[in-house]
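Please look at the sequence and the structure before reading on.

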Amino acid sequence: MTIDELDAKLLSLLANEPRLGVLEYSRRLGVARGTVQARLDRMIARGVITGFGPDVSPTALGYDVTAFVTMEIRQVSGHDPVADRLAHIPEVLEVHTITGGSDLLCRVVARSNSDLQRVIDQIVDVQGVLRTSSVIVLDTPVPYRVLPLVADVPRRGVRKP
């Protein structure tokens, strides 16, 4: 599967101005409305576009502390049961299986440093978690982003794995 220059421009527009309608995207891209809709439908079907929800700031919800928590888990039943239990903790935003000295990496939020201790205590209480280590985020000079990858697609192309 490849994403061409028009797809890349459409993704960039969608990311930068998500509230515009398909008609306005078509006007700005200089293509028919049906072309834009077909491209969106195709990218959704192929998993290129994974969502349309708003990006919500945890800070705006009162969660001023972000931390990354690595954990070692009991290897008997794998990572899935632990990840399933972690998903029930609202402050756990992401869970990744990783290589290296730890097994899982979580991005978590908390209302304060002392509240972070409460969240970590909940994580430690999860059956299968043996040990945790955490680091607190001080600043995020480069937030999560994919638009540089999208902009680079026409030059490099995208290969299906």
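Is Ile44 buried, partly exposed or exposed? Ile44 is partly exposed, because its relative accessible area is 39%, where buried means under 20%, exposed over 50%, and partly exposed in between, computed with a 1.4 Å probe on protein chains only. This residue lies in helix H3. Leaving out residues up to four places away in sequence, Ile44 touches Ile49 and Phe52; contact means heavy atoms within 4.5 Å.

The model is predicted, so local features need pLDDT of at least 70 and side-chain atom pairs count only at pLDDT 80 or more, whereas totals for chains, interfaces and linings use all residues. Residues are numbered from 1 along each chain as its sequence is written, and side-chain values use heavy atoms, with hydrogens and water left out. Helices (H or I, at least four residues) and strands (E, at least two) are DSSP runs numbered from the N terminus.

Two packed helices are described by the angle between their axes and the distance between the axes. Axes are lines fitted to C-alpha atoms, for helices over the stretch in contact, and angles run from 0 to 180 degrees between N-to-C directions.

| Helix pair | Angle | Axis distance |
|---|---|---|
| H2 (residues 22-29) and H3 (residues 33-45) | about 110° | 8 Å |
| H1 (residues 5-16) and H3 | about 85° | 11 Å |

H2 is roughly perpendicular to H3, a term for angles of 65 to 115 degrees. Their contact involves Val22, Leu23, Tyr25, Ser26 and Leu29 of H2 with Arg33, Val36, Gln37 and Leu40 of H3. These residues comprise 6 nonpolar, 2 polar and 1 charged.

H1 and H3 are also roughly perpendicular to each other. Here Leu6, Asp7, Leu10, Leu11 and Leu14 of H1 meet residues of H3 including Val36, Leu40 and Met43.

**Helix H5**

The 12 residues of helix H5 (residues 113-124) should span 16 Å at 1.5 Å a residue, and this agrees with the 16 Å between its end C-alpha atoms. Within H5, the buried residues are Asp115, Leu116, Val119, Ile120 and Ile123. Viewed down the axis of H5, they fall within an arc of 145°, so they line one face of the helix. The elements covering them include strand E1 (65-73), helix H4 (80-86) and strand E4 (129-136).

**A loop residue**

Ser102 is located in the loop between E2 and E3. Ser102 is buried, with a relative accessible area of 15%. Apart from neighbours within four places in sequence, Ser102 contacts Thr70, Met71 and Glu72.

Definitions and conventions:
The expected span of a helix is 1.5 Å times one less than its number of residues. The arc is that of the directions from the helix axis to the C-beta atoms. Angles under 35 degrees count as roughly parallel, over 145 as roughly antiparallel, 65 to 115 as roughly perpendicular and the rest as oblique. Ala, Val, Leu, Ile, Met, Phe, Trp, Tyr, Cys and Pro count as nonpolar, Asp, Glu, Lys and Arg as charged, and the others, Gly among them, as polar.
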